There are 2 protein chains.
Amino acid sequence: MFEFDVQHREGRARVGQFLTPRGTVTTPMFMPVGTQGTVKGLSPQELTDIRSQMILANTYHLMLRPGEGLVEQHGGLPGFTGYPGPFLTDSGGFQVMSLGHLRKITEQGVVFKSHVDGRQIDLTPERSIQVQEALGADVIMAFDECPPFPAERDYIQRSLERTVRWLERCLSVKSRPDQALFAIVQGGIHPDLRDQSIALTLPFETPGFAIGGLAVGESKAEMYPAVAHTAAQLPEAKPRYLMGVGHPEDLVAGIALGVDMFDCVYPTRTGRFGYALTDRGRLNMNSSAPRTDLGPLDPQCDCYACRHYSRAYLAHLVRAEEMLGPRMLSLHNLRYLHRLVEQARVQIVAGTFHTWARNWALQYFAGTIPEWFSEALDAGAAPVGR
Amino acid sequence: MFEFDVQHREGRARVGQFLTPRGTVTTPMFMPVGTQGTVKGLSPQELTDIRSQMILANTYHLMLRPGEGLVEQHGGLPGFTGYPGPFLTDSGGFQVMSLGHLRKITEQGVVFKSHVDGRQIDLTPERSIQVQEALGADVIMAFDECPPFPAERDYIQRSLERTVRWLERCLSVKSRPDQALFAIVQGGIHPDLRDQSIALTLPFETPGFAIGGLAVGESKAEMYPAVAHTAAQLPEAKPRYLMGVGHPEDLVAGIALGVDMFDCVYPTRTGRFGYALTDRGRLNMNSSAPRTDLGPLDPQCDCYACRHYSRAYLAHLVRAEEMLGPRMLSLHNLRYLHRLVEQARVQIVAGTFHTWARNWALQYFAGTIPEWFSEALDAGAAPVGR
C-alpha cells in the first residue's frame, strides 16, 4: 500500500503511479477541492466523467459542520459524498491559521472560534489526526503551522521547528494503517530554512511529502525558486505535493520541477465568477464577445459543456445568473486542468515535455513568457541526480 | 404530425401518445420549466435521465435576454439549450400581465417595461408568434389575457372575448407547419364564462387546448370544479393542458379529470428552498430530523440523489448552502413528479387508477384527504361520454 512507482522521467519531471486503498492514481495529478464534502456544484459522476483521480476535503470545515462523527457513520468521505475514489484531507491547520484574530497558536495547538456558531474549539495535532481518521481519506496531512507572507525569518524558523514537533505528535497518535500521512516541509521562501525543514522532516520517512507555506501572498518569482529548491531535495521514490497551488501555469511549472500532486480552489472559484480556462488564457464570460459566439468554449475539450453548449449559451447563463452557468464553468475548468496534466504526462513519456511546455506557455501567455516560468522550466530541465 | 392518440381510459382519466416533430410523448405528462433556457441547475442529460419528455421555455424571458434572434441562430431551443427533445413555449402573455403597474393592456396587445433594462416593449399576438417561431418549440401557445384572481365578472367576460380575437390574430400570422399552436380557454372560476370561452374557442380546431386562468390565487376548492367543468367539454381527441399547475396532488386530481399535460416551477423552486417531494408529503431538509438520517430521501426513487446520497448528506448541503443541494433536490422533485405520472399511467392502463389515487392521497395527506380532492376523483370517475 502507498507504493509510489516513478515510471517515466524527463529532467526533473516525472510520471508515476501511486497506490492507495481506493485505487491507483497516475501522477502528476490535480485534485479538485471539495471543501464542505462537495466539489462546489458538481456530482461524483461528473468528477468521474472528467477523470478526476483524488478529491481533497477540508478537515476544518467538516469537523465544524456536519461534524466528523456523521461522516464516519457513513463509512467515511466516500459513503458520505458518494464519490467512490481516493480522497485526501488537509489537517485543518492552514484554514484555522487563516482565521487571523479569531485564533491563538501555542505549542499545544490552535484555539479558535468556529465561523459557524462561534464556539471555541481546540485543534491540536492529536485532534487533527483523530478527525482525519474519522473522515477516512486515503491520504491525510500532518498538522503544521503555515506562516503568513511576509513573516519574520525568526518566526518562520521557530514555526518550522514546531511543525516538526507537531509531526511527531501526529505520527504517535495515528492508528489507521490504511491511511498515508504526508509530512509538510515549511521554511517560507528562504532556501536555508527550507533546508532545515527538509533535514528535520525527511527522517520521518512518511509515504509522501508536501511543500507547504507557498502561494500565501509572495510573487511567483519568489515562490518558484523555493519550489525548485525544495522539490529537488525530496526523495525520488515518494510523491511530492505542492499544497494549494493550481493555476494552469503553476501545473506546468510545478511538473517541470518534479511536483506530482496539486490542489486549488481556483478552477471552481473562477468558474463561479464567470471565467473559463483555455490554452489562450482565462476567458471572461461576462464580457461581450462570448455573447454572440456560436462556437464551443474550447473545441479541443471533451467536457460536457464544450460538447453541448456554445459560448453564447454559457455567457447567457452567466448573465442571467443561472446556476447551470457556474456549474458548467466549474466542470470545464476542472477538466481543463485534468487535460493539462494528462497532456504533460503524455509529453513526459514521449520525452517532449519541455518543448511542449514552452509552446503551451507561448500561447497561454500570448507570446510573452514571464521570467519566473522560463526559469522554472530551465531549472527542471537538468536532472538533480538523487 | 401532432396526432394525439388516446390509448387507455379509466373514467375521464386517459393515457395517450402525442406526436411532435422531436418525438412522441406519452401523456399524462409533467413538463419541467426552463424559464431562461435552462431548467434551473440541471443539464439536458439529467432531464433525459429522469425521463422528462417535454420542456417548457418562457417567451417573455428569452425575448428580453438573450433575444430570440440568438436562439434562432442556434437552430432554436434544442440547439441553444442542448436538450434534444420536444419543447413548449408559452406566449409571454401571462408573465407580462403579472408585471402589474409596469404594463398596460389594450386591444392591440400589452406594452410593458423590461425587467432587465427598463426598455418599453410591445407584446402583441403577432409578435408573440414571431418570437415563438424563432424559438422553434414544437408546441407554441396562443397569446391570451389571463385575468388575476379575484377579478370582476364583467372584466373576465370582456377579456375572454379579446382572448379569442387574439387567438384569431395568432393563427393568421402563424407560418411554421412544424409547430402546433394550442388555444387557451379562459373564464375564471365561472362555469358559464368557461362555457362561453369554450364555445368561442373550440371552432378553431387547434391541435390541443389549454385550460388557462387557474392557479392564480383562488383556492383548490374553487379551482377544481372549473377544471372538471372545462376539461369535460374539451375534445376527446386533442391533448388538454392545465397551465402552471403541478403540485403532486394537482397531478393526481388533474389526471382524474382528464388533463394530459402539466407544468409548474414548483418542483425546482421548492427544491431550491430546501424541500423534497415524497409520497408522505413535502420534507423540509432545513429541519433537524434529516440531519442525522442515514437513509435515502425516498427508498422508492431511482433518481441520482436517492441512489447516491443519504438524507443527512443532502441536509448538510442545504445547511452549508452548497450548490449541489438545490441541484439534487430539484432533480429529485422533478423525478418524483415524473414517477407520479408514470404510476398514474400504469394504473389507468390496469384500470386501477381510482383505487391507487385514493391510497396515494391517504398517505400523502396523512389520513385526511381534502374535500376538493375527493370531489375531483369522484367527478373523474364517471366518463363524460363525448
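The largest pocket of this predicted model holds about 900 Å³ of space. A pocket here is an open set of points on a 1 Å grid over the protein atoms alone, where a 1.4 Å probe fits, with protein on both sides within 12 Å along at least five of seven lines; lining residues have an atom within 4 Å of a point. Grid points are joined across faces, edges and corners, and the volume is the space filled by probe spheres set on the points. Of the 44 lining residues, Phe94(A), Gly244(A), Asp263(A), Cys264(A) and Val265(A) are the closest to the centre of the largest pocket. Helix 5 (93-97), helix 9 (220-231) and helix 11 (266-272) of chain A each give two or more residues to this lining, and helix 11 of chain A gives the most, with five. Helices (H or I, at least four residues) and strands (E, at least two) are DSSP runs, numbered from the N terminus. By type, the lining divides into 17 nonpolar, 17 polar and 10 charged residues; Ala, Val, Leu, Ile, Met, Phe, Trp, Tyr, Cys and Pro count as nonpolar, Asp, Glu, Lys and Arg as charged, and the others, Gly among them, as polar.

Chain B contributes to the next site. The second largest pocket contains about 770 Å³ of space, and the closest to its centre among 33 lining residues are Phe94(B), Gln95(B), Gly244(B), Asp263(B) and Val265(B). Helix 11 of chain B supplies the largest share of this lining, five residues. The lining of the second largest pocket divides into 13 nonpolar, 14 polar and six charged residues.

Residues are numbered from 1 along each chain as its sequence is written, while chains are lettered from A and ligands numbered from 1 in the order in which they are written. Local features need pLDDT of at least 70, side-chain atom pairs count only at pLDDT 80 or more, totals for chains, interfaces and linings use all residues, and side-chain values use heavy atoms, with hydrogens and water left out.

Chain A is divided into domain 1 (3-264) and domain 2 (271-368), with bounds from an automatic or database domain assignment. Their centres, taken over C-alpha atoms, are 27 Å apart. Between them, 29 residues of domain 1 of chain A are in contact with 29 residues of domain 2 of chain A, contact meaning heavy atoms within 4.5 Å. Each of these two domains gives at least three residues to the lining of the largest pocket.

Chain A also has an open sheet of nine strands, paired in parallel in the order 4-15-14-13-12-11-7-6-5; two strands pair if DSSP finds at least two bridges between them. Strand 4 (29-31) and strand 5 (33-34) of chain A form the edges. Within the sheet, strand 11 (residues 139-141) and strand 12 (residues 180-185) of chain A run parallel and are joined by three bridges, with Met141(A) opposite Phe182(A). The loop between strand 11 and helix 7 (153-173) of chain A holds Pro150(A), and the peptide bond from Phe149(A) to Pro150(A) is cis, with omega near -5°.

Finally, chain A superposes on chain B by a rotation of 180° with 0.0 Å of shift along the axis (RMSD 0.0 Å), so the two copies are related as by a two-fold rotation axis. Met323(A) is the residue of chain A that comes closest to the rotation axis, at 3.9 Å (C-alpha).

Methods: Least-squares fit on C-alpha atoms with pLDDT ≥ 70 in both.
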